Amino acid sequence: MNVVAIVLAAGEARRFGAPKQTAELHGRPLIQRAVRAMLDAGLPTRVVIGAHAAEVRGCLVGLPVSITEHAGWADGLGSSIAAGVVALDEPRPDAVLLCLADQPGVDARSIRRLLDVFEAEPERIVASDTGVFVGPPCIFPRTLLGALEALRGDQGARSVLRDHADAVIAVSMPEAADDVDTPADLERFQAGDR
């Protein structure tokens, strides 16, 4: 199966107060950790950048990724997803795996669990079940790429998950529950409390 990862790293990180994508956790920027998880899982990877584009791009030097700079990043996560999907090379992949740059608990093993489920059910959506919500990282089959391209606003792909709820396979992934929104979140990860 040809699955392409799209790492979403275009946001302003208002609550963090700085470009959190470049904030270091255990000596490595968050964006590098997210990209390495995708590459180590064997996925071709595209990174969507926007706010803080120069800083984030600097963290990606030397990594074998494609970069989409999204000028409309302020329109929200949905528009960043759409920009990443629109930029995919032809022929279109069998699926895309959407992930966030700020979920440092998600590693290559996590991604492989999702891929294993998807390979067995390639017409379904495979999403992470954190125990709190079902969402990213998640895999969408080619048949839903048009729905992802149509996304706008700040809700990400929630509407696609909701509209196709009967097609969703939720995979237990508590490590996806915690993301880095504030410096205090990063400190907790640094201390090993998450």
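Me: What should I know about the model before we start?
Reply: It is predicted, so local features need pLDDT of at least 70, side-chain atom pairs count only at pLDDT 80 or more, and totals for chains, interfaces and linings use all residues. Residues are numbered from 1 along each chain as its sequence is written, and side-chain values use heavy atoms, without hydrogens or water.

Me: At what angle do the axes of H1 and H4 cross?
Reply: Roughly 50 degrees, and the axes come within 8 Å. H1 is residues 30–40 and H4 is residues 108–120. Helices here are DSSP runs (H or I, at least four residues), and strands are E runs of at least two. Axes are lines fitted to C-alpha atoms, over the stretch in contact for helices, with angles from 0 to 180 degrees between N-to-C directions.

Me: Which residues make the contact?
Reply: Ala 37, Met 38 and Asp 40 of H1, with Ala 108, Ile 111 and Arg 112 of H4. Contact means heavy atoms within 4.5 Å.

Me: New topic. How many cavities of 30 Å³ or more turn up in the whole structure?
Reply: The search finds 1. A cavity is a set of points on a 1 Å grid over the protein atoms alone, where a 1.4 Å probe fits but cannot get out.

Me: What is the volume of the largest cavity?
Reply: About 70 Å³. Volume is the space filled by probe spheres set on the grid points, which are joined across faces, edges and corners.

Me: Which element gives the largest share of its lining?
Reply: H1, with 5 residues. Lining residues have an atom within 4 Å of a point. Strand S6 (95–100) also supplies at least two.

Notes: 1 Å grid on protein atoms, 1.4 Å probe; cavity = no way out; pocket = protein on both sides within 12 Å on 5 of 7 lines; lining within 4 Å.
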